[in-house]
Amino acid sequence: MKLPVALTIAGSDSGGGAGIQADLKTFAAFGVHGTSAVTAITAQNTLAVTEIHEVPVRVIRAQIDAVVDDIGVQAAKTGMLASSEIIKAVATAIREHGIEKLVVDPVMVAKGGARLLHSDAIASLYRYLLPVALVVTPNIPEAEVLLGRSITTLDDRRHAALDLVALGPRVAVVKGGHAGTEDLAIDVYWDGVDLVELKGRHTKNTHGSGCVFSAAIAAGLAKGQTPLEAVQAAKIFIAGAIEHSLDVGKGHGPVNPMFEARPDPEN
């Protein structure tokens with residue numbers, strides 16, 4: 001059996017709800033072989049992130065090289081890239097390996113509030129990573145940081161998507177899950193031609209939703225979908241993962257990217 005290959009370059013979540021763990025589950029759910037380059041080891045659960053250990057840059061680069069040189073990669077995504085040095089190394093690897101289908105999830109803050117990106121690394125996101133991205137998928141707070149302004153309305157999200165594409169990515173998806181004043185979570189997609197609004201809904205258990213959404217886009221791209229097709233399929237998928245989210249832990253439970261798998265193979 002030969003499957004498309006996707007690579008996640010992200011942090012590890014010991015609680016299994018986000019990061020590398022969520023990405024690999026999502027790749028598997030899409031019938032894509034998942035590979036990984038771990039950028040950080042976090043101690044976290046549904047309540048908080050208690051420890052973060054950044055993986056040395058040379059080890060991150062070695063993981064990417066090992067995967068690409070032997071297995072090959074049809075699409076990749078980034079998650080937690082904590083420092084300027086890590087961002088530079090990852091962007092350089094993406095460029096040198098000619099990975100054209102890159103989804104950038106600009107992870108900045110964990111669901112529990114812990115910062116996952118050093119403040120001085122924002123400039124490296126602009127300079128190195130966004131220009132090599134095919135798709136960027138910020139939530140509203142992340143888009144506010146990237147653009148340096150408040151985003152409060154749906155029209156603000158539309159303008160933000162246009163301005164994010166002007167920074168280098170070919171496609172921007174500004175997610176609406178943090179727009180608490182709306183009944184629906186409306187994401188705005190812009191690829192320089194089409195402006196598309198994708199509707200979802202608000203819910204409590206959304207830990208890992210950004211990771212799963214971006215991983216689903218990468219999986220679709222690895223299978224040959226266009227960016228719009230991949231984003232639309234990912235939106236449908238994340239809706240199912242949220243609908244079947246897991247009520248585990250005492251805080252924000254994780255979405256469930258394996259919701260279509262049978263929990264008991266004997267039944």
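Helices here are DSSP runs of at least four residues and strands are runs of at least two, both numbered from the N terminus. Counted that way, the chain has eight helices and nine strands. Keep in mind as you look around that this is a predicted model.

Let's start with the whole chain. Its radius of gyration is 17 Å, close to the 18 Å that the globule rule gives for 267 residues, so the chain is as compact as a globular protein of that length. If you draw a box along the principal axes, the C-alpha atoms fill roughly 50 × 45 × 40 Å. Of the 267 residues, 54% count as buried. The accessible surface comes to about 11,700 Å², and carbon and sulfur atoms own 54% of that surface.

Now zoom in on a pair of helices. Two packed helices are described by the angle between their axes and the distance between the axes. For helix 3 (residues 84-97) and helix 4 (residues 122-129), the angle is about 10° and the axes lie 9 Å apart. Angles under 35 degrees count as roughly parallel, and helix 3 and helix 4 are therefore roughly parallel to each other. On the helix 3 side, the contact is made by Ser84, Ile87, Lys88, Val90 and Ala91, while helix 4 brings in Ser124, Leu125, Tyr128 and Leu129. Sort the residues of this contact by class and you get six nonpolar, two polar and one charged.

Next, have a look at alanine 18. You'll find it in the loop between strand 1 (5-13) and helix 1 (19-29). Is alanine 18 buried or exposed? Buried means under 20% relative accessible area, so alanine 18, at 10%, counts as buried. Leaving aside residues up to four places away in sequence, alanine 18 touches Asp13, His207, Gly208 and Cys211. Alanine 29 is eleven residues from alanine 18 along the chain, and their C-alpha atoms are separated by 15 Å.

Last stop: glutamine 232, which sits in helix 8 (residues 227-243). With a relative accessible area of 33%, glutamine 232 is partly exposed.

Conventions: Residues numbered from 1 in each chain as written. Predicted model: local features only at pLDDT ≥ 70, side-chain atom pairs only at ≥ 80, totals over all residues. Heavy atoms only, no water. Axes fitted to C-alpha atoms, helices over the stretch in contact; angles between N-to-C directions. Parallel < 35°, antiparallel > 145°, perpendicular 65-115°, else oblique. Contact = heavy atoms within 4.5 Å. Nonpolar A, V, L, I, M, F, W, Y, C, P; charged D, E, K, R; others polar. Rg over C-alpha atoms; globule rule 2.2 N^0.38 Å. Buried < 20%, exposed > 50% of the residue type's maximum accessible area, 1.4 Å probe, protein only. Areas by Shrake-Rupley, 256 points an atom, 1.4 Å probe, with all protein chains shown as cover.
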